[in-house]
Amino acid sequence: RATCVLMRVSRETGMQGDLEEGKDKLSTNWVRSEPGEFASETRDLLNHIEDLIRDDAYGDVLGIVSGWEPADGRDLMIYLPIKYARRLYARLPTDLALAALARVSPDLRSNLVDPGDIARLAEIAVGLHEDDAVELLDDLPPPVVGQVLEQLPDGADLRERLEFERDTAGEAMTSKFMAVHVDWNVRMATRAVRKMAAEIESFYEVYVVNEERQLVGRLQMRDLLLTKKRTKSRAIRREVLVFVHPDADQEDVLELARMYDVQTIPVVDGGHHVIGRITVEELQEIVRDEAEEDIMLMSGLAPDALPDDSVRRIIRGRLPWLAGGLVGAALAGAVVGSFEAQLEQAAILASFIPVVMAMAGNAGIQASTVTVQGLAAGNLWIGDLGGRVAKELLGSLINGALIAVTLGLIVMLIAEFVPFEEPLRLAIAAGLSVLLVIMIAATLGSTIPLVLNHLDIDPAVATGVFITTANDILGVLVYFTVASTIYLSAVA
């Protein structure tokens, strides 16, 4: 017994030594692996940091992350569970907190900050880029925003931008831009650009304004570098290809940038005075935001839904879409119920209801997704409606015919093992129903987004619940109508 006890103590001591040795070997660096993969060392480190946060050992955590690159700190905030990320952010020094917030997405940024800590919010907002500060403050309650702005040296500029509606050019623009007078020569303009360059991180062109600061032209950097110093800006100014007003929708801004192939778009007020610019960085962010919004809408979700939403927010964001789907499903069920007599005559008809509904939904989603993508890329407009419908009809006719023949053959094959009346007529009825349903669904899917876009309604709303429900109802109606005419007339 004494030997067994001694062996157990020795084994436990050895295990404890292995654990301590494992901790000593734990990497304190964020190790990057291949894209799409997570390094095992990083996973172990992430688990270790979670344990430290759970034990309130923030001093140990800060000792690990204090020497990291900003990108590593960003990844840590992304991969940590949101409750631990919030707790860690609240205890980060200002410089580390600022580095993390400057690199994470706006949604995560708004979830990390504490709206009640006005002093820290103001300190963070001062260090953030103007655009990031606007995004941060825009997600906070108005009373909190007002208190934060009172503590900021440039609070007036931020307040002006926050007054613009969401998803507009005014919200997306930056108020920092290069401008020179139309009567300045190249020497004077170059000196002014050099002085302003310290305040502006990146710029692609210089705006030319008159005495009233109205936009009258633009200059590229090569114009200032390759032109004689005494040449007036008036003589070498270029035409402003495109400009927008601050209340313009950001989707329209993006479309103009694509149409004119420009990297910067000036923003002017009603008097044509330059008040800001939208840079290529903002345009890229608009692309991302619009793509995320369309994906959410096409999935039947609120555009601002997040993975870490509270239960209340999940209910509020998803319940209306689920309720809409319930109404549509109930209508489809009512259509099926109206054909109760036909089902009593031939119960086998019920077997093909899921097939018809699935084909209708798939064909509608395919067509509507392509149309929404074309509208987002600027390749479609309401004038393309006729040609779009013709192409979809032809394509759906061929695809539907192939699917119909396949379904007919499947019905005939089943008839060899499961006897039922008039298998040939059932095969024809099922195949013809699928053909018609696919054609109708493809037509609706290709036209409804175009019509909604023409009515200034986001076409992404047309996909998901809306298209699927409409096609389910029409699909069932077409199926029973065809089946009653071709099949039931022979077996009744």
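## Basis and confidence

The model is predicted, with local features requiring pLDDT of at least 70 and side-chain atom pairs counted only at pLDDT 80 or more, while totals for chains, interfaces and linings use all residues. Residues are numbered from 1 along each chain as its sequence is written, and side-chain values use heavy atoms, with hydrogens and water left out.

The pLDDT, the predictor's confidence in each residue on a scale from 0 to 100, averages 79 over the chain, and 85% of the residues score at least 70.

## Helix α22 and S433

Helices are DSSP runs of H or I with at least four residues, numbered from the N terminus. Helix α22 covers residues 423-454. Its 32 residues reach 47 Å from the first C-alpha to the last, close to the 46 Å expected at 1.5 Å a residue; the expected span is 1.5 Å times one less than the number of residues. D456 follows α22 and has a positive phi, near 65°.

S433 belongs to α22 and is buried, with a relative accessible area of 0%. Buried means under 20% relative accessible area, calculated with a 1.4 Å probe and protein chains only. A polar atom of the S433 side chain lies 2.7 Å from the backbone oxygen of A429. Not counting residues up to four places away in sequence, S433 touches V478, Y479 and V482.

## Helix α20 and I353

I353 is located in helix α20, which comprises residues 353-377. I353 is buried, at a relative accessible area of 11%. Apart from neighbours within four places in sequence, I353 contacts V336, V476, Y479 and F480.

## Aromatic rings and charges

The structure contains 4 aromatic pairs, where rings of Phe, Tyr and Trp (its six-membered ring) pair if their centres lie within 6.5 Å. One aromatic cluster is formed by W30, W68 and Y79.

Two arginines are placed over tyrosine rings. R91 lies over the face of Y58, 4.1 Å from the ring centre, and the charged end of R120 sits over the ring of Y89, at 4.8 Å from its centre. For such a placement, NZ of Lys or CZ of Arg must be within 6 Å of the ring centre and within 35 degrees of the ring normal.

Conventions. Helices (H or I, at least four residues) and strands (E, at least two) are DSSP runs, numbered from the N terminus. Buried means under 20% relative accessible area, exposed over 50%, partly exposed in between (1.4 Å probe, protein chains only). Contact means heavy atoms within 4.5 Å. A polar contact is a pair of N or O atoms within 3.5 Å; within protein, one must be able to donate a hydrogen and the other to accept it, and residues adjacent in sequence count only if both atoms are side-chain atoms. Rings of Phe, Tyr and Trp (its six-membered ring) pair if their centres lie within 6.5 Å; planes under 30 degrees apart count as stacked, over 60 as edge-to-face and the rest as tilted.
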